[in-house]
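Open the model in your viewer and keep the selection panel at hand.

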Amino acid sequence: MRKQIFLGVAFFSLMCCCKPVLGVIPAVIGPVQALLAILPQLLGLLGAMAIALLKPETYRFIFKYAWVHKITLLLILCCVYFGFWTLDQFSTETIGKLKGGVPWTAVGGGPERLGCVPGSVGPLKAPTILWNRIGRKDESIDCCPAIVGNRVYYGTYVLKAVGKCTGTIVCRDTDTGGLVWVYDGADLPGGTFNPIFSSPALGGIYSKDSTGKIIPRYLVIGEGFHTDLGRITCLDLEPTYKNPGKGKPKVVWVLQALCHVESSPCIFEGKVYVGSGDDGLWCADLETGKVQWHLDGFNSYYVLEDGVPEKLRQLAGKNVLATGKVVVIGQTYAETGIITLALSNFIESPNPPQPPLNQGNGFERSVYGKVVIEDQQIVDERTKKKQIKTSGIKIEVGNSLPDVESSPIGGYISKEGKKIPCVIFGCGVDGNKVVCCNAENGEKIWEYSTKFPAFGSPTIFDNHVIIGLGNGDMIKSDAKPVGMVACLGLSDGKESWTFKPNDSVIGCVPVKDGRAYACSRDGSLYVLKAEDGSLIKKVPLGSPMVCSPSVTENGIYVTNNLGKVICLDRQTNSLQWSYNLTPGRAMLCSTDIATGRIFVGSDRLGFSCIGEGDVTNEEKPEPRIWSGRNGNAGRTGEADSLGAPNIESSSSAAILWQAFPPANYEVSASLAANETGIFVHGRELESGNNFVAKVDPSKGTIIWKKNTDVPIRELVVTKNDVFASARDSSSNALLLAFNEGSGEQLWQKTINERDDFYINLPNPENILATSKSGIIHSFDSKTGNEKWRVQLFENVLFPLSSSNDLTVAVLEGRKPQLVCLDDSSGGIIWKKTLPQIPTGAPVFSENGIFLVYGASGEKKGKVVCYDVADGESVWEQNIPGNPFAGGILSVEFLAVPTLEGKLYGYSLKKGDLMSDEPHNCGSNTVLPAVGEGIVLYASENRAGAWNSIADTTPWEYLATGSTSFGKPLSQPLVLSRKMFLLTEKLGLIEIGEKEKNGGLN
């Protein structure tokens, strides 16, 4: 029994110490299967332990044992206590001495929305995480932070399937990431914060530091996602200054809204301005919270049936001031619902009362409007699951301003020699306007109507207003996307100019030194002349962006839906670096810049500070390897992570250079590349010599070229070595290794195989040579020595695909099979019988294994996603065309080409089509490539790019005359933001931006 108790307690302790597994890790599939084999014994052990613990003698034994060994147990407990205490002391975060700065009065910092502390520069080189902090499990940050001095402030949220989703406000030290304070709103009226999307604003003066810079007194923030009833909260930061690291902010005032407060507050002229969705726009005194005025977003308040006096009906058509408790009923993500009023008092009032009315004080509200008689309504009350009946009377407000999700900004209008303070904001769905009001009383000064929602937050510059517009939202694009940037006169709202990107502009459009910067959901950053809206530069960045760019003295910083933080040089608008902060997870937040550092939140990965690392000592990530045909397991043809060519438009696309012309060389279509060059192989026509060569991607010049005794069939490449498959005159299979830098041959290995074979690199140390008859050889890449050999006993139909220590293969046999193997041993983990032979090699990533099937004699096919863990089908979708190959994999979608010259994009999670219509990429199509979300395709004398997410064509090149390249012979190759193609008439060419050197045409 003692042994059973000991083993049971040990097993239970082990389980308690283990962290939950959040996803399938392919490398542990084998060990998990081993664990399943001993599961019955483990369950039996647990059962024995449970029975033993129910017996009285068990407890007597434990007590006696503890008493006999009391000194030893006491020492163990003391060691554990002091161990945890010491660990806690060492883990205490450092908080620097408080410094002042410039008050952060609105999202983006101020009227120009630059997203940086004035005068800041950001990191242009060697980005590295200086610190990262996660306050709670699964904590996410979508809001823009606020930075004053050496403190950064931001809101968070945690979404839960069951229970209340909650938010917090966090303050950290900018230098160390040390936690200064966190506030969850537990003592607010109504309890803890809802999730927070609103960005904090800081204003008022607590004091000034020794340099005269301001330490702000108040922090104001909104709360709530789309279906939440949010509050506007003002916190006094004085306690946090007096007791650093321990003091908590004090609640000064709270306003209750009847909708979410996703808008970010603006502090201007001692007042706070903030939108609350369909509850309109609020103006409150910063210090007291007293409502100065409120512009209603709801058109009507519906009076409830109970207790309605007949006298109110008699006032039909007349204006009244009605007071009572308001409740939102029937609200969903798609529907606003209605606002009901449980009437407590009313008076006839021909003229509007002077503001402020009784608003924001909990759910009691005074409403001014016209009495309208209508039919009674029965509405479902969602939270209490009951039906509510109205009286058939509503108070019609009129002139409402719905969906104020835009973050307002304050400025001044000059009129008759006077400066009039004003506040400007946008109205979203069903609002479709930009509004300018008198900041003192809320009276409308001007209104600019648009054809689509104004979610963007306005920027003020040089007596103008600039704002982003469009029919998409933070989460998705419209089926027929439209976007616009509008520049309006500050004093009258008259349109100065407009610019139309291919999709919505959701974030702010900052302006600096006469240039405006707009991020679009079409995946491009647009640099515009602020004076007239003319395009200076379009920079495709591969994925939708809903952020506001941060613009510093030296750089432009953005985030995108691929989870990247991206830096561009502000002088040249060229890409400096791209950092994978949350690969595959969309980033809705924007960056803010201070002291040479980037501060940014993320989805479930906390809050990060990014700076320049030590270039000489930086631990750089392992360079990509060209692991097999088409480059990698995603078949993308992509040699690095920089993305697609930066070509502004079709008119600027050109052939920049050509190499290995067909008149002199016969080059194989199996190109390969790494971060330093392109590797080709073939035969010199004049001499008949076989060769392998390395080409400079920037010029097309040959870096080295080595003759080989045998014709090379295929190449794979690491940062140090080039490996080739070949066959000698006696039909012996050969594996050769060359030095990547010099081309010197390192070793040669004869493989005892007569069949053709594929090669691929699961990792830089391991080469797999697979005969088509089904034998897989594993060789050490340094020595060429064989590590292991596996016989699959069936023909292998396509090159293998390797990812995350696993390799998958498609076998022919009586019934075709998909097989998953362990890279380290060749052991089979699982097999899956397939319905038919696929049209191409498997596409493989952590998202799944994707196979494409055709239908014999029919112009249709299907794509199937299989689970990496067990090979079971996850989803299946039809292809409305005849696929001629497998797919190619982006972070967000799978692209499938068809013989009809169409490209179809499928989402990875469910297989939904990314756009209603396929993209036409021409006949005779080779397999496309993909560069960070942009599909690059080629057909006869034609090459182009397709943004599947935004369903746009950034550019397309049509070759004519002397630049006609004929049919493409290879999949496009993507390297250093350039596109390379082996062609029938011109040989190897680069297609890029014409302005580089004028090109060949």
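For lining counts, Ala, Val, Leu, Ile, Met, Phe, Trp, Tyr, Cys and Pro are nonpolar; Asp, Glu, Lys and Arg are charged; the others, Gly among them, are polar. This is a predicted model: local features need pLDDT of at least 70, side-chain atom pairs count only at pLDDT 80 or more, and totals for chains, interfaces and linings use all residues. Residues are numbered from 1 along each chain as its sequence is written, and side-chain values use heavy atoms, with hydrogens and water left out.

**Stop 1: the cavities**

A cavity is a set of points, on a 1 Å grid over the protein atoms alone, where a 1.4 Å probe fits but cannot get out; lining residues have an atom within 4 Å of a point. Points join across faces, edges and corners, and a volume is the space filled by probe spheres set on them. The count is 6 cavities of 30 Å³ or more.

Select Leu541, Ile566, Ser578, Leu642 and Arg977. Of the 11 residues lining the largest cavity, these are the closest to its centre. The space there is about 60 Å³. Strands β36 (564-569) and β37 (575-580) each give two or more residues to this lining; strands are DSSP runs (E, at least two residues), numbered from the N terminus. The lining divides into 4 nonpolar, 4 polar and 3 charged residues.

Next, select the lining of the second largest cavity, including Ser627, Arg629, Asn760 and Ser802. Its volume is about 50 Å³.

**Stop 2: a pocket**

A pocket is an open set of points with protein on both sides within 12 Å along at least five of seven lines. Select His294, Leu295, Asp296, Pro352 and Val397, the closest to its centre of 24 lining residues. Then colour β15 (291-295) and β19 (364-373), the elements giving two or more residues to the lining. The largest share, 4 residues, comes from β19. By class, the pocket has 11 nonpolar, 10 polar and 3 charged residues.

**Stop 3: threonine 559**

Select threonine 559, in strand β35 (residues 555-559). Is this residue buried or exposed? Threonine 559 counts as buried because its relative accessibility is 1%, and buried means under 20% relative accessible area (1.4 Å probe, protein chains only).

Show the backbone oxygen of cysteine 589: a polar atom of the threonine 559 side chain lies 2.7 Å away. Finally, show contacts (heavy atoms within 4.5 Å). Beyond neighbours within four places in sequence, threonine 559 touches residues including Met545, Lys564, Met587 and Val600.

Definitions and conventions
Buried means under 20% relative accessible area, exposed over 50%, partly exposed in between (1.4 Å probe, protein chains only). A polar contact is a pair of N or O atoms within 3.5 Å; within protein, one must be able to donate a hydrogen and the other to accept it, and residues adjacent in sequence count only if both atoms are side-chain atoms.
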